[in-house]
Structures are given as structure tokens and as C-alpha cells.
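I opened my notebook for a first look. Here is what I looked up, entry by entry.

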Amino acid sequence: MSKAILIIGGGIAGLCTAITLQQIGMKVKVYEKNTHPSVAGAGIIIAPNALQALGPYRISDEIIRQGNPGQGFYILSDRGRPITQLTIPSGYGSLYSIHRKDLHQILLSALPPGTVEWGKPFLQLEQKDHQVRVAFSDGSEAMGDLVVAADGIHSNVRKQIFHKDTYRYAGYTCWRGVVSGEALPGSSHHFIETWGTKGRFGIVPLPNNKVYWYALINARQGDPRIANYTTKDLHHLFKNYHDPIPSLLLKTTPHDMIHRDIVDIAPMERFCSDRVVFIGDAAHAITPNMGQGACQAIEDARTLAECLSVQSNYQRAFADYENRRRKRIKQISDQSWKIGKMAQSESFLFTSVRNQLMKHAPKWIYRNQAKRLYQFQL
Ligand SMILES: Cc1cc2nc3c(=O)[nH]c(=O)nc-3n(C[C@H](O)[C@H](O)[C@H](O)COP(=O)(O)OP(=O)(O)OC[C@H]3O[C@@H](n4cnc5c(N)ncnc54)[C@H](O)[C@@H]3O)c2cc1C
């Protein structure tokens, strides 16, 4: 069945869906509210499961070519002592870190020119017997057979259809930055996450000698004092953490830093409503503790294309997509939430016990979990 498909949102989910659906012969348009591709943003890690899902489209080759490989994460204490190593099982490939703007460019380049219409904020939609009408804030409209809602965690499509705005604040807030990695004392090629009672700090090398870092501290949601933190405030918080954390913060300019409270949405029962299907953060925003939000959006995009190509009508295809995705998403969302709680503990006693348990836990426990996580299944 060749259909005209309107995709709302040109983030990772929307662009990947455009790529996978075009490959199965669908007529696709992406409507993005921003007027041009974003050049700002931080780094992102793309895991083997997402690369497997993108395998047939050559994009995974490009991510591997342009990204920086890592075999997993070293978890360290605030003094820099090893707690554990979360390594990708052999035969599963690597994690790849890449700047978000480079990832977007790879995805955009895989689409025919004109596929994305920029400066088109979704306003509302109306489902008719045989089509969907979408209205945009600039007064224009589009008609299509189906709509893919890929408009992110604050999805207006989801609010209109499910009347749901059920965010869960995780209890911690996050800063991210990208700086040049030259001349940083104590820098390494490894992906590192440091767990201490004052907060969590991640260091991820990017290509071209850049470093992507992130810092997470416990805070009240929307606290204006914390939202205004400068790099100096963060440096004050993390100044006793191991190298190169303090120097990374001192090197970061306010312009290179972004802040966001960490929220997710409780996994929804339904990922579709008649002619509208939800994908990526619009369907299931996940806390970032497993680095899987975008990877799951990519799995969604591949799975949706598979369901639309094998099922004879869209209702069956959407039901099939929902069945294939719901359980995996719920497992990852729940696990990510728990990891966040464990990693953000401020209790000295709890963190001492936690670190010892993690240090001495049998390696097969993590290996088995990693095998399930990093294996994409259609
Ligand atoms: C701190 C942090 C670190 C993370 N790290 C990782 C990681 O390492 N690996 C990983 O896999 N995931 C990671 N994630 C998760 C990942 O960023 C998201 O899951 C992913 O970006 C979701 O993509 P999306 O396209 O669904 O949503 P978005 O990226 O939010 O894209 C939605 C798009 O829709 C557009 N839009 C919104 N509203 C409208 C509208 N009304 N009309 C038209 N367009 C609209 C937006 O402008 C945007 O372009 C992280 C998240 C956070 C917060």
C-alpha cells in the first residue's frame, strides 16, 4: 500500500521515519516547526541496537564513519577510582558518539531535497473517513492518508489526541556541554561516568578532538536558582571530582552549555489512534540513564516501516507496531528510571555499599542484560 504520510517533527524520530518509509515506497513529508536545522546541541551516543535497525539504509555506515567508537562505559567514583566497567559484549559492535548536529546532517542527507518543510508548527489535526487534515500555525494545511507524530516529549499531537500531559520529573536536572579536548589533564579515550554524592558527571570523547560532557544533580523541578547556574557554579559543585572534570567545566563557555530538567512520560498504553501513530519521544520519552531515547526512536522507525510493508491495511500495521514495541519500551523505560535513582543517591552509606556491590557483581549479569539491550529484533 503506497500512502501519503505526514510526519510532524523533524528530530531523530521524524527523519529516521521519513527514511524508512520512503524505502518502502511511501510518499513522505516532514513538517518541522523550526525554520532551519539546528546547529547547537550536545553530543549523543548511538548504540549497536540502533545501528542494526539502520543497517539497510547505509546511514549506520555513515554514523560509524563520522562517529567516535567506544567499547562501553567506565564507572568511576568521584576520586576517579574504578567502580565497574559496562562493556559491550563481543560481537555486538561499539557505541558511537557524535555531535547531534552531525547526526541530523547525516539523516537529512539521506532524504531527497524538499522532504522536510521547515517553519511549519503543527496546530491541529482532523481525522476524516479516508484522510487526515493537518493545520499549521502559519495558516497552511496538508492532507494525507496517515500521520506520524514525531514531535517530541511535549508532543502537541499527543495532547490533542490523548489529552495527556503526564510527565514524571526524575528528581534531577542536567547540563550538557561540548568543548575542545586538547590539553585536558587526565583526559582519556574512554567513555566515563563518575558517580559521587554531589552528582553524576559523564565524559564522552567526540570526533575532531572535542569532548561532550554532562552533569546531573538532584534538584527541585524548575528551581530558578539552579536553572541560572553558570559554569562557575558547576565548577564549585564538582571541583573536588577527579580530572579532567573541573578543567572541563572551566573550559566551557555559557554559550556551549545547555540545561534541562530530566522528565519522562510513563509508557503509554496506546501508540496509535486511528490514522495517527506515535513514535520516539512523542510516544515514550525515556530518562537518559541508558542512552537509549534516540536509539529506541530509531528502532520505532524501522519497525513501523516493517509493519506497514507486511500488513495489508494501516489499522493492522499500527496494531502490529504497537505490539512489537510496547514491551521493550516499558522494560527500558522502567530500568532507566531505576538506574537514575540508584546513580543519583546522595547518601554516603548507600553509595559506599552500592559501589562495592557493583564492583563485585558477577560480570555475566551485566553481559546478559547488555545482550538483550543491544540486540535489535524486528
Ligand atoms: C540529557 C540527555 C541525554 C541524552 N542522551 C542520549 C544518548 O546518548 N543516546 C540516545 O539514544 N538518546 C539520548 N537522549 C534521548 C534523545 O535525545 C531523545 O530520545 C531523542 O532526541 C528523541 O527524538 P525525537 O525525534 O523523538 O524528539 P525530539 O528530538 O524532541 O524532536 C522533535 C522534533 O519535533 C519538532 N516539533 C516539536 N513540536 C512541533 C510542532 N508543534 N510542530 C512541528 N514540529 C514540532 C521539534 O522542533 C523537534 O525537531 C538523551 C536525552 C537527554 C535529555
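Is H1 largely enclosed by the rest of the structure or largely exposed, and why? I noted first that this is a predicted model. Then I counted: 10 of the 12 residues of H1 are buried, so H1 is largely enclosed by the rest of the structure.

**Entry: helix H1.** I placed H1 at residues 12–23. H1 reaches 17 Å from its first C-alpha to its last, close to the 16 Å expected. Its buried residues include Ile12, Leu15, Cys16 and Ile19. Just after H1, I found glycine 25 with a positive phi of about 90 degrees.

**Entry: what H1 lies across.** I looked under the helix axis next. H1 lies across strand S1 (4–8), strand S2 (27–31) and S12. H1 runs at about 170 degrees to S2.

**Entry: the sheet.** I traced an open sheet of 6 strands, in the order S8-S2-S1-S12-S19-S18. The pairing is mixed. S8 (116–117) and S18 (272–273) are the edge strands, and each pairs on one side only. Alanine 149 has phenylalanine 278, in S19, as its bridge partner.

**Entry: the ligand.** I found 34 residues surrounding the ligand. The closest are Gly9, Gly11, Gly152, Gly280 and Gly293. By class, I listed 17 nonpolar, 11 polar and 6 charged residues in the shell. Which helix gives the most to the shell around the ligand? H10 does, with 4 residues. H1 also supplies at least two residues of this shell, as does strand S3 (43–46).

Note on methods
Residues are numbered from 1 along each chain as its sequence is written. This is a predicted model: local features need pLDDT of at least 70, side-chain atom pairs count only at pLDDT 80 or more; totals for chains, interfaces and linings use all residues. The expected span of a helix is 1.5 Å times one less than its number of residues. A residue is buried if 20 or more other C-beta atoms lie within 10 Å of its own, exposed if 12 or fewer, and partly exposed in between; C-beta atoms are placed from the backbone. A residue is near a molecule or strand if its C-beta atom, placed from the backbone, lies within 6 Å of it. Ala, Val, Leu, Ile, Met, Phe, Trp, Tyr, Cys and Pro count as nonpolar, Asp, Glu, Lys and Arg as charged, and the others, Gly among them, as polar. Two strands pair if DSSP finds at least two bridges between them. Two residues are in contact if their C-beta atoms, placed from the backbone, lie within 7 Å. Axes are lines fitted to C-alpha atoms, for helices over the stretch in contact, and angles run from 0 to 180 degrees between N-to-C directions.
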